[in-house]
Amino acid sequence: MKTRILLAILAVVIAGLIAVPWVASYFYIFIFTEILILGLFAASFNLVFGYTGMLSFGHAAFFGVGSYAMALVLIHLEWPFLVSLLVSMGAAALLALIIGFFCVRLNEVYFAMLTLAFGMMVFAIAYQWRSVTNGSDGLAGFSLGSLGLGLDLTLANPAVYYHVVLAIVGVASVILYVICRSSFGMILRAIRQNPERVSFAGLNVRAYRLVAFVIAGAFAGLAGGLIAPFLRVASPELLHWSMSAEPILMAILGGTGYFLGPFIGAAVFVLLETWITSFTESWMLVLGVILALMVIFFRKGLLGTVLDWWMEVRK
Amino acid sequence: MSGIGSALLNSLDIGLLLFIIAVGLNIVFGVLNIINFAHGALYMLGAYLAFTLINIVGMPFWAALLLAPLGVAILAVLIDRFLLRYIYSRDVADSLLLTFALLLIINESVRMIWGSGIQVVQPPPLLAGSMSIFGSFVPTYSLFVIAMGLLLLAGLWYLFNRTRIGRIMRAAALDRDMAEALCINTRLVVTGVFAFGAWLAAVGGVVAAPMRALDPGMGDKIIIESFIVVVIGGLGSFPGALLGALILGLIHALVAVISLR
């Protein structure tokens, strides 16, 4: 009964998402595109944090590198969009492999510090390597070619781009969900709860952590590859540590214990941001206050709190 | 030869400044088992408070050196009493998240109050200008930073090894339950240590203010460097913080010398 209700809600939400461009103005198409992309970014972060128990403060590095890879490929090689997305994923996965190699062996505190430091390092490189990244201005002026797969779509049209993003985020989410539900995902959750015990069971905890970190990096890179054509620029801000704060907040906001938590968090986050930045510039201040309150009082996130309340009511 | 001499001296002042900040981070971690992500933000707050006291209120530098860290320490007591107390008994991740939230709040508040532009604090007249040492000119202020670092180093060593308060802090770091069983009010120790760490960060900020220009990104830069220092030296280790800070200071000076050539 419960699963049926949840599935029905999910189906309605998906149908609603598909229908957005036909019923909403451009303003809301942009907002929903952003929600989907950032939702995927937050979901990839949650694979590392919510499932594996590693709190990364440098997840924007993969997001940003994905967007830079997309911009570079579109400018210099002019490959089809889907191929460029694979390059974004690959570049981010490679970076995650390098950073993860050094970080996953460490305990929680060192992991947090080191991922933050690596994130800042990648930011500094993008900021200073002017010949490739165009420094603080970022890479702009790339044009979207064809989609690939022989489909003829004008990606520059926001409504079309929204549907492409929806399809890609949908496929990526299903893949992520399957990963989380698989035996591999169960081992990750076991590692979060008790790494020593998993290690006693004969499993290589470090290898599992690294694989999770690389998968999360790849999907963050995919999200980054989607955001560059959306913003029409790949800028160093996408790599900054304040960008790493966003998936953390979205995951906490929605609920780190649930697969859909980060998506709900992303939706609330983007809507709040749009609303709050319409009358004040201090969005980061509000962000900090919300994060502090969520951590102290609603650690299970909105989804967790609502589900708990629902269980309570049904008793 | 004189170039190397001044470079070494320069590395010493950066190193000792980093030590002041990193040791605060380390002390808080040792006793509270929390990595305070907002430590750099507190450093920045110290520097900006000093800016206000000196350039706007018109106080002498020395008064600001006394008052600004005190103000930050009081803020730290409030942070501890109203926010951190909820998460002491929880998972490490929660304390990282909460201090990260504090970092966002303090950073943005500084931007709101003092603006995103660059602010400059002049060194006090006594420490302006430069001195001749071993045939090379060094800014007098660098010597003050070095003296300040050595003074704090000696003071901290004395505090932790020779005083009752220091022993209580070490006991609380080693085994909090046992310390409690010995009638030590660990709640008070925790608040005190957090405030003391913030005080050290703010002292670093005031001392750094005339050396470096103030901008709202200064806290982020220093927190990364402090992380590197404590990772090199080992978390919670007092001599480690000194060693790590001196190594990083040396790297700073070497990079400066090489890039000048």
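Predicted model: local features only at pLDDT ≥ 70, side-chain atom pairs only at ≥ 80, totals over all residues.
View 1. Follow chain B along its sequence and the pattern reads α-α-α-α-β-β-α-α-α-α-α-α. Boxed along the principal axes, the C-alpha atoms of chain B take up roughly 60 × 40 × 30 Å. Of the 261 residues, 46% count as buried. Among contacts in chain B with a separation of 6 or more, 76% come from residues 24 or more positions apart.

**View 2. Chain A, the partner chain.** Here we have 14 helices and two strands. The radius of gyration of chain A is 19 Å, which agrees with the value near 20 Å that a compact globule of 315 residues would have. The C-alpha trace of chain A spans about 55 × 45 × 45 Å along its principal axes. Buried residues account for 48% of the 315 in this chain. As for contacts in chain A with a separation of 6 or more, 78% of them link residues 24 or more positions apart.

**View 3. Where chain B touches chain A.** On this interface, 25 residues of chain B are in contact with 23 residues of chain A. Which helices of chain B each supply at least two residues to the side that touches chain A? They are α4 (92–114) and α9 (218–233). Helix α4(B) gives the most, with 15 residues on that side. Sorted by class, the side of chain B that touches chain A holds 20 nonpolar, two polar and three charged residues.

**View 4. Helices α3 and α5 of chain A, side by side.** Zoom in on α3 (residues 60–77) and α5 (residues 108–128) of chain A: their axes come within 9 Å and cross at roughly 25°. Angles under 35 degrees count as roughly parallel, and that makes α3(A) roughly parallel to α5(A). From α3(A), the residues to look for are A:Ala60, A:Ala61, A:Gly64, A:Val65 and A:Tyr68, which meet A:Phe118, A:Gly119, A:Val122 and A:Ala126 in α5(A). By class, this contact has seven nonpolar residues, two polar ones and no charged ones.

**View 5. The buried side of helix α6 in chain B.** Which residues of α6 (residues 164–174) of chain B are buried? Look for B:Ile168, B:Met169 and B:Ala172. These cover an arc of only 100° around the axis, so they sit on the same side of α6(B).

**View 6. B:Ala179 and its surroundings.** This alanine has its place in helix α7 (residues 176–181) of chain B. Is B:Ala179 buried or partly exposed? With 19 C-beta neighbours inside 10 Å, B:Ala179 counts as partly exposed, because being buried takes 20 or more. Leaving aside neighbours within four places in sequence, B:Ala179 is in contact with B:Ala171, B:Ala172, B:Ile184 and B:Thr186. One of these, B:Ala172, is also among the buried residues of α6(B). For a sense of scale, B:Phe82 is 97 residues from B:Ala179 along the chain, and the C-alpha atoms of the two are separated by 24 Å.

How values were computed. Residues numbered from 1 in each chain as written. Chains lettered and ligands numbered in written order. Helix = DSSP H or I, 4+ residues; strand = E, 2+ residues; numbered from the N terminus. Buried ≥ 20, exposed ≤ 12 C-beta atoms within 10 Å, placed from the backbone. Contact = placed C-beta atoms within 7 Å. Axes fitted to C-alpha atoms, helices over the stretch in contact; angles between N-to-C directions. Parallel < 35°, antiparallel > 145°, perpendicular 65-115°, else oblique. Nonpolar A, V, L, I, M, F, W, Y, C, P; charged D, E, K, R; others polar. Arc of directions from axis to C-beta. Rg over C-alpha atoms; globule rule 2.2 N^0.38 Å.
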